[in-house]
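Look at the fold first. Then read on for a short tour of its sheet, its helices and its ligand.

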Amino acid sequence: MALLRFDNVTKAYPGNPPALSEVSFSVDEGEMLFVTGHSGAGKSTLLRLVHLSERPSRGTVLVNERNLAKVRGGKVPLHRRQVGVVFQDHRLLTDRSVFDNVALPLLIAGTPGAEVGKRVRAVLDKVGLGERERSLPLQLSTGEQQRVGIARAIVAQPQLLVADEPTGNLDPQLAGEIMQLFASLPALGTTVIVASHDLGLVKRMRRRVLVLDHGRLMDDISPEDLAA
Ligand SMILES: Nc1ncnc2c1ncn2[C@@H]1O[C@H](COP(=O)(O)OP(=O)(O)OP(=O)(O)O)[C@@H](O)[C@H]1O
């Protein structure tokens, strides 16, 4: 069963040509794939439709065969609990510690206190910030803030993770390590979609790649074709 399906999705923001035009694809549970394309190609828009921060103008987006058009009002937070998001601009709470920022999705999900501490520390270790749990976000470098955002997105083990340019502020070695961390998530039950314009990085990962060009899905490249 497809975990995510786009059927002829068009998204037009007022006053602009469509950011996405008639886009169709599906993603199976346990996949990791990339969405790539030039600046303005529609990558962020595609991810926003999955996370319900935008709605399609036409067509349908389905998660677990459920049409997201039917997810409205009070049901949106429940949907967002299943979808972890790494934003380009981190969106951390600046008056809360690194620990508190990362703990937030677990507290919202009602995870018991003792478990919260264990899981937050485990995920902070994974992103290399084990020593910084008491820091405030603005006491960290941009790349460190980005890693806090990644830790927050994966701590509750969401069914689906969407990440928008998650390694944009990281040096190449750290970017590679974070990508390897993402690549380990499908085995733990999280399907991963990463938007990136870094073609070198995308190619090195040898995963499926969706290529957008001016809002159109131009190519859907399998890992085998990428290797050829
Ligand atoms: N909130 C918005 N209102 C109006 N137009 C928007 C909005 N968000 C995006 N757009 C337009 O939609 C198109 C696609 O933008 P989008 O951010 O999805 O592209 P992108 O591939 O993620 O680009 P980048 O790599 O630069 O982040 C662009 O032409 C952009 O100007």
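This report goes from the sheet to the helices, the core and the ligand.

This is a predicted model: local features need pLDDT of at least 70, side-chain atom pairs count only at pLDDT 80 or more, and totals for chains, interfaces and linings use all residues. Residues are numbered from 1 along each chain as its sequence is written.

**The sheet**

Six strands form an open sheet with mixed pairing, in the order E6-E7-E8-E3-E9-E10. The edge strands, E6 (83-86) and E10 (216-221), each pair on one side only. From one strand to the next, the twist averages 15°. Strands here are DSSP runs (E, at least two residues) and helices are DSSP runs too (H or I, at least four), numbered from the N terminus. Two strands pair if DSSP finds at least two bridges between them. Strands of a sheet pair through backbone hydrogen bonds, either parallel or antiparallel.

Two of the pairings are set out here.

| Pair | Bridges | Direction | Facing residues |
|---|---|---|---|
| E3 and E8 | Four | Parallel | Leu33 and Ile193 |
| E6 and E7 | Four | Parallel | Val85 and Val162 |

Now take E6. Val83 and Val85 point one way, Gly84 and Val86 the other way, and all are buried. Buried means that 20 or more other C-beta atoms, placed from the backbone, lie within 10 Å of the residue's own.

**The helices**

Helix H5 (residues 142-154) lies across E6 and E7 (160-164), and runs at about 175° to E6. Axes are lines fitted to C-alpha atoms, for helices over the stretch in contact, and angles run from 0 to 180 degrees between N-to-C directions.

Helix H3 spans residues 98-108. Its buried residues are Val98, Asn101, Val102, Ala103, Pro105 and Leu106. They pack against H4 (113-126) and H5. Gly110 follows H3, with a positive phi near 80°.

**The core**

The largest nonpolar core has 58 residues. Such a core is a set of buried Ala, Val, Leu, Ile, Met, Phe, Trp, Tyr and Cys residues joined through C-beta atoms within 7 Å. Among those with the most contacts inside it are Val102, Val162 and Ile193. H5 gives the largest share, five residues.

What does Val102 touch, beyond its neighbours within four places in sequence? Its contacts (C-beta atoms within 7 Å) are Val120, Val123, Leu124, Val148, Ala151, Arg152 and Val155.

**The ligand**

The residues around the ligand include Tyr13, Lys43, Ser44, Thr45 and His197. Near means a C-beta atom, placed from the backbone, within 6 Å. By class, the shell has three nonpolar, eight polar and one charged residues. Gly counts as polar here, and Lys as charged.

Terms used
Contact = placed C-beta atoms within 7 Å. Buried ≥ 20, exposed ≤ 12 C-beta atoms within 10 Å, placed from the backbone.
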